[in-house]
Every structure is written in structure tokens, then in C-alpha cells.
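Open the model in your viewer and have the selection tool ready. The tour goes stop by stop.

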Amino acid sequence: MSEFKISHCVIPVLCLSELFVIGLLVFSHGFLLTRQVIDINSTCHGFTSDESIDADVTRNTEQVDSQNGCWMKPSFEKAVILIIDALRYDFAHFNVSLRKDDATPYLNKMPVFRDLMDAKPKEAMLVPFIADAPTTTMQRLKGLTTGSLPTFIDASQNFASEEISEDNIIDQLVKHQKQVIVLGDDTWNGLFPRRFKRSFLFPSFNVMDLHTVDNGILQHLEEELQKDDWNVMISHFLGVDHCGHRYGPDHPEMTAKLEQMNDIIKNVANRIGMDTLLLVFGDHGMTKTGDHGGDSEGEITAALFAYSPGLNMVPANPNSIHPVQVSQVDIVPTLALALGVPIPYSNLGKVVEELLAKKGESSEEVLSKKVQALAQNVQQVQKYLQEYKKVGNEFFGELWNRLENLKEKMNKDLNELTTREKKMAYIEYLNVAKMMCETVWAKFNIAEMTSGLILMVTVMALTVLMVLSQVNDALVLKRLLFLTVGVNSLFIFTSYASISVMGYVASGLIVLWLYFHHRYLNCKSSNINITDGFSLFLILCICLGSFSNSYVVVENYLISFMLLSLVIMYSLISFLKRQRKKNMNTLSWKNVKMSLNVRSVVCFMAVIVLLVSVRGSFSYWKCREEQSWCVPSQVHTPMNGLPESFRNWRYFTSLFALVLLVWLPRRWLIMCGNLNGSRLGVLLVNYVPVITGVFVAAHWALQAAPLQNSPLSEHVVIPPRLTFAVTILFVVTLYCIPLLIYEVPPKKSFGPVVNHPYGFVPQVYHKLIEKYHDGNSKNSNIPVVYGLATAVSAPVLSIVIALLVVLTMLAGDGLAPAVLVLVITATSCFVVQAVCSWMTANDIETLLKPSWTSLCVWFILSVHGFYVTGHQPTFSSLHWSAAFVGFTGDWGGSNFFPTLLVGINTFMAQILFGLSLPLIVLAPLAIGVAFPRLRGNRLESEETSRGEFLLVDRPEKAKETVLFTAVSYILLHAVKVFCSSLSAFVLRRHLMVWKIFAPHFIFEAVGFLVTCCCVVLSTVFFLRILKVLYAWSEQLHIKNS
């Protein structure tokens, strides 16, 4: 079956995509470098190399005098650390001027902090606790234990809690014979396995579960407080964070959680003695919608409360408008020196000296103690910076010069300074050191970034030439495969040469390949009409928008405008072209009335539907932090987080959207005659989407029900898992048997078939038509076939129906109408494309190949769909709830599947439009056959009534069309990713690089990978359908010859 050999089309698509991805990976390796870890641990006897802690924690243990400590005398024997995940500062701060009736559900619900500070002002302190982005739990725990600053790319590791190998406070405590126990979040076991004397950890994965972790802590907290065999107790509560994810902060459940935390803190504070330090803090805050991960003020401003009966602090001014802020990394040196262990080697925090002042010490002793602590802190930071430079890293700029001047001043004039002047000098040094590392920490590898960009440019040049020249020569395609293998092989030798060098060599190989194959690349189809030119210009504008932070912030608004502009322009120009062909060169009202027909009205109505659907999609957008005018929509709130009066309305609205998503495509397939007969594929298409839709409805109902103590709670995961399993089996089966046609036995009467209200009968051969017209069909052995004119699109559409059910389930009940709106938008574009194609096509060959305008519309739709389904290119906007569709919080398996579900949810638009890409080719043919009046009379012939079967009759044209569509669509996405990469390179020192440009680049890059995979899969399936249909027609021809 060489006519439709799949490899001839798939190899170019796969090779060109893979070559571009290599360039993207080379660029990413230079742009998203992780911070270099210094494998040195601090010790009591100086800063020397030390082995990382082993499974046997007693090894490498240093004997420490509990009275004198390690570097200085400890202030406390014990520490109780209560981490309240996502404890934002305004949750803890008590506003005395706020009336109780005016307080929101999260304000003034924790009066314990204010009560203790009022009663014991020298023993208690509440300050803002500033986190460093990314504000994900695992990265914050790394910062809170190592004192180091996280790198941007670390955010991607939040699902995989890898063991911390860098020097940290937990290892220092264990090595110096301090006993540590931990309760709560099981992330601690992933970061510090085998470190704890005792641990009572509970699954933290399920953000829908508010109580399991917190209640588990309470079961053991009282008992552990009574024991005397530990030095540090860590209790990590998750209820507040999970409440934010599930309901948002402005919900009665948040009030209950904060009040519960208030009672716990009050109980612990009443039980500790003079030698114990109580620290209560949040690892990050949350946004107005309860999310976190970015660097907005609400996300980075957590709360820190310190209390001990033995403290003797200078009371803070309770009326201060701007309270003193503490960086989260500052807790590391503070806790280390307070307990008498070395400060971790890589720490960049500054000791909070107020927490070292004990009762019974004179003011001179307290000041001397603070200066001593700061001096140890400065020495540790100096050693770290020196070692960091020694291993090949460079510090530069004004801050480094300022740091060197401070160091020289301290070494030269230290003895001449007073104690207070020494303290100020040390504080300035530590502040400048941290500021410098924050400024230059992201050390970009310019060579690798440049190499990756050049490689991407050469691959795009190769792709453009391949598209315009329509290369389909088997020899050229085989050499393209060899080129791809060769480029991949280069990177095996990165141990002998740098990645950047290999990138340059790969670019050179591609240029050489182009030079030796230039005779095949003649750009024979480079003629682009005015509509295509305007479409490509709009795409260029969208891509260049990546260089503007303002554009990225409001891209959802501009993309919807671009989509409407392009479709309206496409319709208008097609209408004018049709007028000109009728010699109506003037745009008069008379000519307009003469041009009005069914096609014009249908096209106009489709544009109106498009306008309404795009406008309606605004309700489902998710707000960025920078969009101050944006009001968060309730569609992003879980159903059980809504008031009772809205829950039924939400459920039945979502159910109605789900029913339409299944019913409307099935109604089209019935009308086209593809669901007649009893073939296995037909039966599956008839019943599988309905069955999976019922599963999804049951899943939503179970999610909304209060099932905390119900036996049904164990069965919530069953409907989603059944949906996944049935859908996978359906897709595999339909790939194997994609025929959705029905052959009427030749002896049956033809009359009823013609008059069938929901079908039409495409003829297989011209002779068949003649025999029907001659009345000889009863004597013919050639059968009448239902659904043959849409036999190619029917299996693709069937896969899309099944996919829509799964995507709607992952999107959640609130966004089910958004998926329906997106489908209506895409359908309107299909209708416009079909009508315009029939109006402007000069021949059948032109009709079979989609225009650049159609591809540009599909490309913009995929970007538009990303925003319609409630996403933004920010980490705080990720829909983590998708990870729990079919999985529970105590899921003991790999996190791969939950991570995959979050990825599918995030890039569902790229998946949907990538897998349905063949419909761009098939839409004009299918709609033209289903509604013959939309075709007009200009191209009317026996061939036009055959619909999609024309592709089976023209194997070479079909392969050319498939290859052009797939490669061109990938090229459009590649240009956008390249512009995003180039903007990240050019603006790498921009103030908003990590807040706006880097997340935008990462989402574009991952979206491109998803698009490439889906386009390859859709291309394979498209060719598989054509191959099976061709084989069926050959057998029919042989049977009747």
C-alpha cells in the first residue's frame, strides 16, 4: 500500500520538529541554568570539606558542648517550629480598628499573636516574612533549611521532592547530636530521608483534603510536647493552604481553619519554657484566588511569629505603618546560632539578632552577643562567596565592588570601630551580599543561548524551504532522516566539547544539507495572495509581541481581537473576490443585493456566532496579578466552594454543556450517514462518548457531595479511571478499524436510501452514478455506501468527541461551558473557511489544499483556547486540582500520572487543535457535501459530490496536502516559540524577566512540544484512515471488475 505509506509524511514532520526541539533545548540549557551547589559543609572547627550525611546519621557526628555551643553560646536548648502553609501576613496581623462585622473570613481570626505581644511585648514578635520566588512549597522548604536562594527552574520540580544534598540546618542539627522530630507534610521525608528521630507524616498531595494532615498532627502533638527526648520539633500544617486552593481565602472554611490554628498556637505557647523558642511562620502566602507559585505581594508576604518566655527583645512599635521585614532565608542562621550549631555553608541569610537576646543579660552583653553572631554570619557568607568564585563563577558590577570595599574596610579598620559601628558594618555587608546574589544569580550561558537561537533559525529556514518547495522525493526524505540522526549524535560527545559548540556544528550541518539539496528546494508554490499575506502579517505581530511585557500581560485580549480581525477580513476579501469574478467591481448596494445568496448569509451568521462566542469566552479567563482591572470569575471556584444556591445551577449548566459537546458532533455524524450499520467502530462511536459522559457527570456529582465520612468517598476515583480506560481502548480500537461507513446490499431498493432524512449517499465511481440514473442499480453488484463522502473526517471527529469528554472532566465542572464555547468558536471558523474556500477556489486541486489563512486561524485558535480554558502563562495559574481527577491524596504510586494530568489540563487547547488538525483539510469537503447549496454552481461536477473520497482518489495530492498542513502548522508555532526565546535572550536583564518573560517562554516551549507530539499523532491517524479507505476501494473495484 505504497500510495499512502505513513512514513513518507511522518518522517519530515518528525524530523523537522525534533531538530527545532534540539535548538530549543540548547537555548533552555543556557537560559535556565540551575545554581551551582557547593559541596562543602560548615563544621565547628572551621570551613572544611565534610561528607554529606549518610544513611547512618551517627557517622561524622561532632561532639558539641551543650553549654558553649559550636560557634557561640546557644540561646535555647529547644525549638518548636509550627509551619502553617500559606500563612499570609494579613491572616496573622490583628487590625484593632476593624469591626468584627466588617472583617472578611480571613481577617482578625488569629488574635493569639496580638494577645501575646500585648501581654508580653519583650517576649513576642510578629513581622512580615518575605519569601523568594518561586513560592512553591518544596522550593520554600529548601530556602528555609539551606538559607540559599532558589533558581527559577526549580519550580518545575515541585512534584518531585528530591533529597537535599546541600548543607542545611537539618543535617547540621543531626550531625551535632540534636534530636529532630517532624509531624505533618510528607514532603519533609522526601527532602530529608532518615534524618529524624521520629516522624509522623501524612500524604500532602490532595489539595482538596483540608483535615487529614492537620488532624494527624493533633493526634501526636500533645504527646510529643510532653516528651523530653528532642531538641527541635517541626509541625507542618497544610489546612490553610489547601483551603486556599479549594475555596480561596474569602470563604467560611478559611475562618474555621485559621481559628483552629489560633487555638493550636495558644496551646503550644502556654506549654513551652524559658529554654524553648517557638517559631510560627508560613512558607509563602497566596493570591486573592488562593493560588501561589509566583512573586506577587500576596504570594511572597508570609507571617513570622517568634515567642519565648526567655526572650528579652526591644518591643516593637504596635502602631508602626511599615513593620520590620524578615527574609525567609534569615531564619536559617538565626536558628543555627540560637541552638549552637554551625550556619549552613551556602546560607545567604542575615541572623535576626533580636531572637538571641535572653533575659538576665545586660544591654552590653546583649549587644556583644548580637555583634558576635553577625560576625560569624559575615565570615560564613565571605567563605561561601570565595568558594563560589573559586569553582569558576564570577561576581561583577557595582554591588560586588561595594562588597569588596566593605570587606577591605572591615579587615583594616575593624578594631577602630565601636561595637554599634561594627554591627552596622556587618548588617550592611550581609544585605549587600544577598542583594548582589539576587541580582546576578541567574548566570546566563550566552554561548549556549546564541547557539540554540542560531540552530532554531536554521531549522526554520529548512522548514520554510521544505513547505514552499513541497518536497516529496523519497531520497530527500531519507537524507533528512540521516541529517536528524547525525545532529542528535553530535550531542553524545558533549563530554569532549561544549553544548554550544555542538549547537554551532549542528547548524553548520543543516546549512550544508541545504546547499547540497538546493536543486530540490525550488519554492514552486511561494505565491501568496493578499489574504495569506495579511494573515501571516498578523501572526508576525503576535510573535513580535513577545518582546513587550505589556503585550504578554494582556495577550488574551489581543489574541481574541486578532482572531476576530482575521476571520472578518477573510470573509470580506473572499466576498469581494467573488464579486470581482462576477464582474461586480463596484461595492454598490445593488451589487451587494445581487451577491446575497445562501453562502453569504451562512458566512455572515457564522461570523456573528464567532463574535458572540469569543465575547462569551471572556467570562472564563483567569486573571493575572498584573491585570488589576480583572475581576476573578466564580467558574474557577470548586462547586463545593460555592454558596448552596449556586451549586445546582452550576452543576446543571455544566451538565448541559457536556451533553451538547457529545450530542452535537454525534448529530453531525448521523446526518452524514457515518453511524449506520453494525461495524464495531460504529457501535463504539455510538455508545462510548455517551457512557464516558455519564461517568463524568457522576464524577462531578460525587465531587460536589459532602462525602468526608461517607462510604462513597472511597469510590470518587472510579468514574474518572473508567473514563480514562474506556477512552484509551476506544482510541486504540478506532485506530485499528477506522471505517465508519455502511454498505447497503446491492439488491436492496435504492429509493428509500435517497430520501433518507439524515443521510446522503455518495457514489463510489462515475459508473455507479450512471447506472443509478439509468435505473440499472438493481442489477448492479456495486453497493450503495452510507457516509463515504465523510469517511475520512468521521473517525477524526469521533476521536475528538472522546477527547472532549476527557478534557472537560479535567477542566472541571466550572469550565465545561468554556470548552463548549471553544468548540463553537472553532466550528464557526470551519464554516467560514468552507464557504470562503468554495467561493474562491478555481479548481478541485486548490480546494484540497488549505490556505495559509486557514492555518493561521487554527494557530490563533490554539492560543486563544489556552486562555479560554482558564489558563495564563504563570505558575500560580496552574490548575493543580486536575492532578486529583482519578487519584486521591494517599496515592502511593508515582507522581508521573498526576503530573501528566496537570500538563494535559494546562495544554488542552494545544492537544485539541493539534489532534484535530486534519479537519482543516476536510472541513470544506465535508460541509460542501452535507450542504450542497454552500458549494455554489461554479465548481459543480460529479467529483464535488464525492467529498473527502477525492483524497483517496488522489494519493499524491493527499500526501502533499497532509505534509503541507502538518509542517506549516508546526512552523507557525515554531516562529512564536523562537520569538519568545529571542525576547528572553534580549531582555535577560530586564526587570520583568523572571516575572513575565521567563514563564512565558517556558509555557510556549512546553506548549510547542505538546503541539508537535499531537500533530505527529494526528498525521499518523489521518494517513491510516486514507490507507484503509484506499484498500477498501481497491477490494471493491476488484470485486466488481
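Buried means under 20% relative accessible area, exposed means over 50%, and partly exposed lies in between (1.4 Å probe, protein chains only). This is a predicted model: local features need pLDDT of at least 70, side-chain atom pairs count only at pLDDT 80 or more, and totals for chains, interfaces and linings use all residues. Residues are numbered from 1 along each chain as its sequence is written, and side-chain values use heavy atoms, with hydrogens and water left out.

**Stop 1**

Select C829. Its relative accessible area is 7%, so C829 is buried. Now jump to C9. C9 is buried too, at 0% relative accessibility.

**Stop 2: the disulfides**

How many disulfides does a search of the whole structure find? It finds two. The criterion is a pair of cysteine sulfur atoms within 2.5 Å. Such a link is a covalent bond between the sulfur atoms of two cysteines. With bonded cysteines counted along the chain, the pattern is 1-2, 3-4.

Select C44 and C70. Their sulfurs are 1.8 Å apart in a disulfide. This pair links distant parts of the chain, 26 residues apart. Both C44 and C70 sit in the loop between α1 (6–31) and β1 (78–84). Helices (H or I, at least four residues) and strands (E, at least two) are DSSP runs, numbered from the N terminus. Color by accessibility: C44 is buried at 16%, and C70 is buried at 15%.

Move to C623 and C630. This disulfide has an S to S distance of 1.9 Å. Is C623 buried or partly exposed? C623 is partly exposed, with 22% relative accessibility. C630, at 18%, is buried.

**Stop 3: helix α22**

Select residues 598–617, helix α22. The expected span is 1.5 Å times one less than the number of residues. For the 20 residues of α22 that gives 28 Å, and the end C-alpha atoms are 28 Å apart, which agrees.

Show side chains. R599, S600, C603, A606, V607, L610, S613, V614 and S617 are buried. Look down the axis of α22: these buried residues fall within an arc of 155°, so they line one face of the helix. The arc is taken from the directions from the helix axis to the C-beta atoms. An α-helix has 3.6 residues a turn, so residues three or four places apart point the same way.
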